[in-house]
Amino acid sequence: MLLHIVARGRIGRSPEADLVDRYLKRIAWPTKVSELPDTGGKIPLVGEQTKRILLDEKGETLSSTQFAQKLERWRDDGVREARFMIGAADGFDDAARDEADLLFSFGRATWPHLLARAMLAEQLFRATSILANHPYHREG
């Protein structure tokens, strides 16, 4: 299953970009990052068997293990792509939220977009590590 991050804004060369790259390179699953301008731009077409996950402060907070279980369930159900959307500064409108398969939150705090991208990359690595029984994740 492809883990696809679609993010508004350019990350450029930055410490946050280094973190994103570091974690995505460690993931054994296929990954992809698509960047869009803050406004406009063409969102990549959504193919069949794609789950759309919006990062949203009003979304569901999941433990790392719960997040891994969700990815595992989708993978095992034949989902081809898990598309993680990171919006612009004002987030997503109600229509986009209604179309999402999951609203996912890193808590009620507001995070800068570049940090949210790095945190998502780390959680994707952590989740795939959990599913591979890798010792990276220590619970408890």
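1. Starting with the sheet: strands S3 (50-61) and S5 (102-105) run parallel to each other, joined by five bridges. Strands count as paired here when DSSP finds at least two bridges between them, and the elements are DSSP runs (H or I of at least four residues for helices, E of at least two for strands), numbered from the N terminus. Across this pairing, Leu54 sits opposite Leu103 in S5.

2. Some housekeeping. This is a predicted model, where local features need pLDDT of at least 70 and side-chain atom pairs count only at pLDDT 80 or more, while totals for chains, interfaces and linings use all residues. Residues are numbered from 1 along each chain as its sequence is written, and side-chain values use heavy atoms, leaving out hydrogens and water.

3. S3 also pairs with S4, again in the parallel sense over five bridges, and Ile53 has Phe84 in S4 as its bridge partner. With H2, these two strands form a right-handed β-α-β unit (strands pointing away from the viewer, the path from the first strand over the helix to the second runs clockwise).

4. Phe84 is worth a look in your viewer. Beyond residues up to four places away in sequence, Phe84 touches residues including Leu3, Ile53, Leu55, Leu71 and Leu124 (contact is heavy atoms within 4.5 Å). Phe84 is also among the four residues touching the most other members of the largest nonpolar core, together with Leu3, Leu71 and Leu124. That core has 32 residues, and H4 gives the largest share, eight. A core is a set of buried Ala, Val, Leu, Ile, Met, Phe, Trp, Tyr and Cys residues joined through side-chain atoms within 4.5 Å; buried is under 20% relative accessible area, exposed over 50%, partly exposed in between (1.4 Å probe, protein chains only).

5. The UniProt entry, which is unreviewed, puts "binding site" at Leu55 and Gly87; such annotations may be inferred rather than shown by experiment. The two are spread over 33 residues of sequence, yet the largest C-alpha distance is 7.4 Å. Both belong to the lining of the largest pocket (on a 1 Å grid over the protein atoms alone, an open set of points with protein on both sides within 12 Å along at least five of seven lines; lining residues have an atom within 4 Å of a point).

6. Leu55 lies in S3 and counts as buried because its relative accessible area is 13%. Gly87, in the loop between S4 and helix H3 (94-99), is buried too, at 6%. Setting aside sequence neighbours within four places, Leu55 contacts Phe92 among others, and Gly87 contacts Arg8, Phe92 and His113.

Technical notes:
1 Å grid on protein atoms, 1.4 Å probe; cavity = no way out; pocket = protein on both sides within 12 Å on 5 of 7 lines; lining within 4 Å.
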